[in-house]
Amino acid sequence: NVAKTLLGKVQEQIYTRQRAQKIEQALRRAKEFLQSQQFDDAIALLDEVLRLDSGHAEAQQYKQLAAEQRERLWKINRHMERAEERLTDADFQGARAQLEAVLALDPAHATALGMLESVTKEIAEQERLRQVRQHIEAARSLHAERNFAQAMERLQNAYELDPINIEVDSLIRLVRSSQEKEERRKLLEQRLVNIQEALNREQFDLAVSAAEEALKEFPDNSQVLKLHAQATRLAEVQRRRRLVEEQIQAARGFLEKKQFSSAIAVLEKALETVPDDARLASYLKTVQETQQNAI
């Protein structure tokens, strides 16, 4: 019985030592698996340790750590997959959100950091192009409304964002051309107003001068040509009228002094210049009749 008892103790010691060795080996390998992120293998070994010693604190601690790390890695991989899917769909905002979720779990995740840098640049590029397009569309609307100053301002903003944009360059030329045409239209309008105002005031010589100045700037404009012809005609009529009035006044002066020959000479000379003036002819006849009656 004593020998049997001793044998039992020896066997128990051997079992205890062997179990301790198994636990030690399993823990060592489990730690290695943890280091290499082979979490399933690590948990399987730690479960084996806990079967041998259900109260083994270190094994319980490492198993919890392995489970947490496995869950963390699963989440990281899932976010990375989603980020790739978003990138495939050109959903850069969505991709950025997934990558930021990865970095919240693992701030040093190299792949996520690199992808996030590229995605951030792409988002900035998209925003730049969106702003350029916004400025272009606004400029087109403003151009259609003939608001050329604000249209040019929007195009300058677009140019600063995208100096090599062909559409922006083309629109700048279009707006400048329209602006120049509008300025010429306003200038023509002002020239026409000046001529018309002079005509309305019967300042026909001034109207002719204004029309001649306008013709230098707008030589083929039908409105300017028409007003120039009108002003020239009216100025000539006015000049002839003044001439007639002056000569009649001069003849009247001679007539009052009974200098009939001088009065007749003045009127005949005036008729050479203005042969179809009825007043000159009538007054000449009156002077001639007065001269005959005076004989």
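User: Buried means under 20% relative accessible area, exposed means over 50%, and partly exposed lies in between, with a 1.4 Å probe and protein chains only; what percentage of the 295 residues in the protein is buried?

Analyst: This is a predicted model, in which local features need pLDDT of at least 70, side-chain atom pairs count only at pLDDT 80 or more, and totals for chains, interfaces and linings use all residues. Residues are numbered from 1 along each chain as its sequence is written, and side-chain values use heavy atoms, with hydrogens and water left out. Among the 295 residues of the protein, the buried share comes to 31%.

User: How many helices does the secondary structure of the protein have?

Analyst: Helices (H or I, at least four residues) and strands (E, at least two) are taken as DSSP runs and numbered from the N terminus. Read from the N terminus on, the elements run α-α-α-α-α-α-α-α-α-α-α. The secondary structure therefore comes to 0 strands and, for the number asked, 11 helices.

User: What radius of gyration does the protein have?

Analyst: The C-alpha atoms fill a box of roughly 195 × 25 × 20 Å along the principal axes. For a compact globule of 295 residues, the radius of gyration would be near 19 Å, by a rule of 2.2 Å times the number of residues to the power 0.38, with the radius taken over C-alpha atoms. The protein itself has a radius of gyration of 54 Å.

User: Are α4 and α5 roughly parallel or roughly antiparallel?

Analyst: Helix α4 (residues 92-105) and helix α5 (residues 110-144) pack with their axes 9 Å apart and at an angle of about 150 degrees, where axes are lines fitted to C-alpha atoms, for helices over the stretch in contact, and angles run from 0 to 180 degrees between N-to-C directions. Angles under 35 degrees count as roughly parallel, those over 145 as roughly antiparallel, those from 65 to 115 as roughly perpendicular, and the rest as oblique. The angle of α4 to α5 therefore makes the pair roughly antiparallel.

User: How many nonpolar residues are in the contact of α4 with α5?

Analyst: Contact means heavy atoms within 4.5 Å, and the residues that make this one include Phe92 and Leu99 of α4 together with Leu116 and Ile123 of α5. In the classes used, Ala, Val, Leu, Ile, Met, Phe, Trp, Tyr, Cys and Pro are nonpolar, Asp, Glu, Lys and Arg are charged, and the others, Gly among them, are polar. Beside 3 polar and 3 charged residues, the nonpolar ones number 11.

User: Arg146 is not a glycine, so what is its phi?

Analyst: Most residues other than glycine have a negative phi. Arg146 is in the loop between α5 and α6 and, at 49% relative accessibility, counts as partly exposed. Its phi is positive, at about 65 degrees.
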